[in-house]
Amino acid sequence: MSTPALPVPRPLTAPASFHVLAKPSGPICNLDCSYCFFLSKEALYPGDRFRMSDDVLAAYVRQVVESETSPEVTVAWQGGEPTLMGIDFFRRAVELAEAAARPGQRLLHTIQTNGTLLTDEWCAFLAEHRFLVGLSVDGPAPLHDVYRVDKKGAATFDRVRRAWDLLTAHGVDTNVLCTVNAANQHAPLEVYRFFRDDLGARHLQFIPIVERVNDTGFQEGDTVTDRSVDPVAWGAFLTAIFDEWIVRDVGTVFVRAFDDALAAWVGVPGGSCIVAETCGNALALEHNGDLYSCDHFVEPAHLVGNIMQTHLVELVASPRQRAFGDAKRDTLPRYCRECPVRFACNGECPKNRFVTTPDGEPGLNYLCAGYRSFLTHVDGPMRLMAGLLAEGRFADEVMGVLRTAPRNEPCPCGSGRKAKHCHAA
Ligand code: SF4
Ligand code: SF4
């Protein structure tokens with residue numbers, strides 16, 4: 001089957017780099033996590049088997065590799081549960097990417113998984129091709145198992161723990177992806193220390209669960225389910241972990257929200273679209289080649305096109321997709337535009353903007369209270385780290401600065417409290 005060729009010249013509105021999350025098995029998963037927004041997406045393709053064909057696989061891999069202008073290209077997979085496709089599907093994906101790569105172009109393969117289907121063979125394959133694996137774990141068993149259950153409602157922690165151990169034994173680079181929800185939101189240190197001390201994880205990403213009540217599974221409605229994280233608790237969760245991290249783990253444990261914040265205080269673009277001023281460069285590819293504006297907007301109103309008819313880079317560069325990304329900035333309510341921590345938040349993800357500001361303007365982020373309080377709290381330490389970096393020193397020196405401050409002097413973090421009541425050892 002012939003598929004679209006790379007447009008020459010490259011569309012002027014195409015970003016130099018963009019990211020596509022491909023869902024080879026669509027929303028299909030072997031688990032049934034209570035809060036999972038993907039499962040409702042089955043209704044989008046009634047009667048479909050949800051398996052990416054060889055043609056779509058070949059088109060996606062070729063188009064994503066040839067669209068990338070930087071020396072490193074990411075081929076990313078998620079679901080649903082992508083390992084349901086079987087290991088041979090991913091062997092073909094790797095072969096196709098290697099065949100398409102230009103001389104000197106590095107390939108980074110990533111996969112997000114619940115881990116329950118991983119075996120020694122899988123892990124050897126992931127290690128051989130240096131996959132970066134995102135493993136979903138919501139904390140120790142009593143917290144993880146509240147919502148992360150299989151189709152029979154049975155707990156999954158033991159299977160996920162086994163996957164972590166297998167991945168570690170094979171030396172696979174693995175990040176922990178932890179959703180923060182009503183069950184674990186009040187246990188930040190229990191969750192953090194479990195990842196750091198029990199698992200030995202070094203890269204953590206905390207994802208707030210904001211699940212709106214509706215019948216469609218789309219981003220509509222303005223009330224949330226009782227599984228969703230509370231906005232104030234979300235801020236307190238990040239703050240509690242930050243306060244432990246800033247005096248003992250800087251440079252050894254990497255937390256995405258803290259990396260994003262430091263990037264904002266240093267004045268360089270962060271890694272996450274959610275805190276960027278505009279977005280639109282992180283799209284989602286369905287099993288049949290349909291491309292959506294974002295993984296959180298896999299719904300008919302945000303279908304950009306199909307890569308079997310139009311090249312990926314043309315779809316990413318399309319006025320429709322650029323408008324989607326610019327709307328993140330252009331629809332910010334005045335309350336955000338005048339917010340002192342806007343530079344580090346930017347109103348966060350549009351999917352969560354469904355409440356009104358104190359003066360009644362729509363479009364405020366449901367999580368605002370949490371972000372405001374967390375980002376205000378970290379201002380002092382972030383300034384210290386940004387200052388160290390500006391002097392050519394290392395950000396982790398902040399730990400010594402805070403711990404060894406004279407105990408009866410004001411804490412250098414700027415809290416206004418005496419050091420002995422703040423960060424001093
Ligand atoms: S809608 Fe949210 S998750 Fe999607 S690209 Fe924009 S900021 Fe990122
Ligand atoms: S903290 Fe709240 S007001 Fe400030 S930018 Fe973020 S969402 Fe807007």
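Predicted model: local features only at pLDDT ≥ 70, side-chain atom pairs only at ≥ 80, totals over all residues.
**Figure 1. Packing of helix H6 on helix H7.** Helix H6, which covers residues 188-199, packs against helix H7, covering residues 231-248, at an angle of about 50°, and their axes are 9 Å apart. That angle makes H6 oblique to H7, and the crossing of the two helices is right-handed. On the side of H6 the contact is made by Pro188, Leu189 and Tyr192, while H7 brings Phe237, Ala240, Ile241 and Glu244. Sorted by class, the residues of this contact are six nonpolar, no polar and one charged.

**Figure 2. Packing of helix H1 on helix H2.** The axes of helix H1 (residues 54-67) and H2 come within 9 Å and cross at roughly 40°, which means that H1 is oblique to H2. Here the crossing is right-handed. H1 contributes Leu57, Ala58, Val61, Arg62, Val65 and Glu66 to the contact, and H2 contributes Arg92, Ala93, Leu96, Ala97 and Ala100. The residues that form this contact of H1 with H2 comprise eight nonpolar, no polar and three charged.

**Figure 3. Packing of helix H8 on helix H14.** Helix H8 (residues 256-266) and helix H14 (residues 379-390) meet at an angle of about 65°, and 9 Å lies between their axes. The crossing of H8 and H14 is right-handed. The residues that make the contact are Ala261, Leu262, Trp265 and Val266 from H8, together with Met382, Arg383, Met385, Ala386 and Leu389 from H14. In the contact of H8 with H14, eight residues are nonpolar, none is polar and one is charged.

**Figure 4. The shell of residues around ligand 1.** Ligand 1 has around it the cysteines Cys273, Cys279, Cys294 and Cys349, and also Ile274, Ala282, His296, Lys328, Pro350 and Lys351. When the residues of this shell are divided by class, seven are nonpolar, one is polar and two are charged.

**Figure 5. The shell of residues around ligand 2.** The residues that surround ligand 2 are Tyr335, Cys336, Cys339, Val341, Arg342, Cys345, Gly347, Glu348, Asn365, Cys368, Tyr371 and Arg372. At least two residues of this shell come from each of helix H11 (334-337), helix H12 (342-345) and helix H13 (368-377), and H13 gives the most, with three residues. The shell around ligand 2 divides into seven nonpolar, two polar and three charged residues.

Figure 6. Gly80 is found in the loop between strand E2 (72-77) and helix H2 (87-100).

**Figure 7. Positive phi values at Arg130 and Asn346.** Arg130 is not a glycine, although its phi is positive, at about 50°; this residue is placed in the loop between helix H3 (120-128) and strand E4 (132-136). Because 13 other C-beta atoms lie within 10 Å, Arg130 is partly exposed. Asn346, which is likewise a residue other than glycine, has a positive phi near 55°, and its place is in the loop between H12 and strand E11 (355-356). Asn346 counts as buried, because 24 C-beta neighbours lie inside 10 Å.

Terms used:
Residues numbered from 1 in each chain as written. Chains lettered and ligands numbered in written order. Near = placed C-beta within 6 Å. Nonpolar A, V, L, I, M, F, W, Y, C, P; charged D, E, K, R; others polar. Axes fitted to C-alpha atoms, helices over the stretch in contact; angles between N-to-C directions. Helix = DSSP H or I, 4+ residues; strand = E, 2+ residues; numbered from the N terminus. Parallel < 35°, antiparallel > 145°, perpendicular 65-115°, else oblique. Left-handed = near helix turned anticlockwise from the far one by under 90°. Contact = placed C-beta atoms within 7 Å. Buried ≥ 20, exposed ≤ 12 C-beta atoms within 10 Å, placed from the backbone.
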